[in-house]
Amino acid sequence: MFKDCQGKEYPVYAKGFVSGCKAVSGAEPFGSVYLLSIVADVMPEPGQFFMIHPERSNVILSRPISVYHVDKSFFGETEIQFLILVKGKGTQELCALQDGDKVNLLGPCGNCWPVENISADKKVLIVGGGIGVAPVAGLAESLAEGSYDFYASFKSGSYGLDNIKPNKLVITTDDGSVGVHGMLPVALTEEAVRQGNYSAVYACGPTPMLAYVKQIAEKAGVQCWLSMEARMACGAGVCLGCTIDTTEGKKRCCKDGPVFDSRILPFEKPADSVAGIKVQPRREPLAGNPDLSVDIAGVHFNNPVIGCSGTFGFGTEYTTIFDVNRLGGIASKGLTLEPRQGNNGIRVWETPSGLMNSIGLQNPGIPHFIENELPEMMKFKSVAIANLSGSTMETYVEGAKLLDKTDVPMIELNISCPNVKAGGAAWGMTCTAASDVVKAVRAVTKKPLVVKLTPQSLELNKVALACIEAGADGISLCNSFQGIAVDIERGVPVFENLKAGVGGPAVRPIAVRLVYELVEAINTLPEEKRVPVIAIGGIATWEDAVEFIMAGATAVEVGTATFANPLAMIEIIDGLGEFMKRKGYATLADFRGIIQK
């Protein structure tokens with residue numbers, strides 16, 4: 001085994017397979033905690049953890065999970081058990097594993113509980129809170145029966161206590177469902193620590209609980225060890241992403257911890273602001289349903305979720321898949337005055353966390369759209385939006401004239417398509433070109449006009465403000481980013497146009513920044529000149545939609561996600577409503593732009 005300069009063993013990279021995965025009885029609500037069992041040729045010590053990553057996974061990073069129990073007699077092999085709280089995508093994946101599934105393990109990581117100085121004639125105190133019961137239960141198993149008292153605190157129910165044999169077991173629950181009714185302090189006090197005559201205290205759980213345990217243990221003069229957690233990337237001490245503040249400087253939770261001497265942990269009060277933006281005060285959940293509706297340039301949308309142009313056809317194509325009427329709006333396929341066949345060669349190319357496309361604005365032409373597709377779109381309760389593109393000023397203007405004579409409620413002026421050689425994004429690259437085309441289209445239509453911009457412009461916010469000055473009623477941002485894909489077997493570009501549009505989850509953080517900065521720029525205008533921003537870029541879940549709205553977006557367009565999950569937009573609408581109800585937001589305006597300074 002290799003060791004670092006401090007004598008600590010490096011973790012190893014091992015393969016394992018799942019020998020069991022089931023919801024834990026006693027955990028409330030049922031299905032919130034799972035017991036995952038993995039067979040692997042590694043041997044951890046109590047307090048250590050593993051970075052776990054399924055071989056088949058949709059997340060990039062492994063998840064750090066503390067060891068709960070080790071069975072050394074599992075048919076002659078070592079079975080390691082983990083208690084996992086279902087929180088995000090990574091833990092959801094782990095809790096959905098089936099018997100025989102293969103996993104990659106990095107570990108054992110971190111240090112272990114220091115037990116070498118435990119007094120033979122004194123008990124120790126072990127405290128676990130929620131899922132933090134797992135690593136301290138592993139410690140308890142390694143100690144002599146009856147040599148410790150065990151306090152376990154949960155919100156509701158109890159779990160993870162099957163393998164412990166304490167002198168005294170005390171359980172507290174916030175709702176009183178098991179044991180003592182209340183949080184940990186109702187049962188464990190400084191006086192109780194003094195009377196216990198403990199030689200040491202070991203604890204793992206939520207940060208407020210650990211701060212409390214530190215306080216009462218140190219006041220009672222008892223050595224205290226706390227297992228901490230932090231977001232991790234590597235688990236090997238390399239990335240420095242999991243550092244925590246100590247009185248001895250920043251220390252790595254994965255390498256210097258996770259177990260720390262409580263005396264070096266300051267547990268400062270959580271900041272009431274981040275990046276100068278105040279943390280939102282807690283609200284009471286709504287008794288009724290929230291209002292998800294939005295108004296954009298006088299057009300009413302029942303909710304802020306819009307099918308993005310180029311990814312949802314004309315809406316009719318999805319009528320057999322879900323109720324399209326539930327959407328807030330539908331942006332049509334990009335339309336040009338004349339029919340277009342689009343680009344030759346490969347048109348779509350999958351990339352990690354995204355999709356590249358080079359369609360080239362294939363469409364039936366505006367006259368055909370007006371006669372055939374638009375009447376069907378207008379039958380939906382969702383707002384129909386005509387996405388207008390062109391290659392010359394004249395084709396934009398003539399197309400706008402035709403659309404102006406129809407009943408379509410809104411036009412999305414596309415000056416951002418990255419996949420055409422003439423027109424498209426070229427119009428949105430500079431203030432002058434963008435302003436000219438918006439003015440020309442504005443002169444021939446009274447319909448609400450939302451301008452769709454490209455992220456490729458080096459003066460994006462200036463272009464947007466120029467569009468607003470020229471008559472735009474709103475901005476949609478951002479169309480696909482440009483990228484290049486290479487066919488490495490043939491040694492040629494994948495796409496005939498060389499460059500292609502990139503969309504999907506990979507671009508979302510960049511798109512959130514661009515939307516945030518644009519809203520910030522728009523907010524410098526007089527209030528009567530401000531226009532709404534419709535966000536586009538990697539939106540796949542309701543959480544993604546909330547991010548954009550908190551950054552200042554009025555509505556969101558969903559594109560690539562529909563290809564991966566045809567029900568994505570419906571799930572976003574439902575999830576957004578549940579989020580607002582839980583957080584006490586009656587309308588979208590209650591949290592729109594809350595991270596704007």
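## Charged pairs, a strand and a pocket

Asp590, in this predicted model, counts as partly exposed because its relative accessibility is 24%. Its side chain meets that of Arg283 in a salt bridge, at 3.8 Å from N to O. This pair links distant parts of the chain, with Arg283 in the loop between β18 (277-278) and β19 (294-296) and Asp590 in the segment after α12 (568-583), 307 residues apart. Arg283 is partly exposed as well, with a relative accessible area of 33%.

The structure holds 19 salt bridges, including those in the table.

| Salt bridge | N to O distance |
|---|---|
| Arg283 and Asp590 | 3.8 Å |
| Asp272 and Lys278 | 3.9 Å |
| Lys401 and Glu398 | 3.3 Å |

Lys401 and Glu398 are separated by about one helical turn, because they lie three residues apart in helix α6 (residues 393-404). Elsewhere, Arg508, Asp544 and Glu547 are linked in a network of salt bridges.

Strand β32 (residues 499-503) is mostly covered, with four of its five residues buried. Strand β24 (residues 354-357) runs antiparallel to β32 and is joined to it by three bridges, while strand β29 (residues 481-484) pairs with β32 in the antiparallel sense over four bridges. Val502 in β32 stands opposite Met356, and Val502 also stands opposite Phe481.

The second largest pocket holds about 610 Å³ of space, and among the elements that give two or more residues to its lining are β24 and β32. Its lining comprises 35 residues, of which 16 are nonpolar, 16 polar and three charged.

Methods: Residues numbered from 1 in each chain as written. Predicted model: local features only at pLDDT ≥ 70, side-chain atom pairs only at ≥ 80, totals over all residues. Heavy atoms only, no water. Buried < 20%, exposed > 50% of the residue type's maximum accessible area, 1.4 Å probe, protein only. Pairing = 2+ DSSP bridges. 1 Å grid on protein atoms, 1.4 Å probe; cavity = no way out; pocket = protein on both sides within 12 Å on 5 of 7 lines; lining within 4 Å. Points joined across faces, edges and corners; volume = space filled by probe spheres on them. Nonpolar A, V, L, I, M, F, W, Y, C, P; charged D, E, K, R; others polar. Salt bridge = Lys/Arg side-chain N within 4 Å of Asp/Glu carboxyl O.
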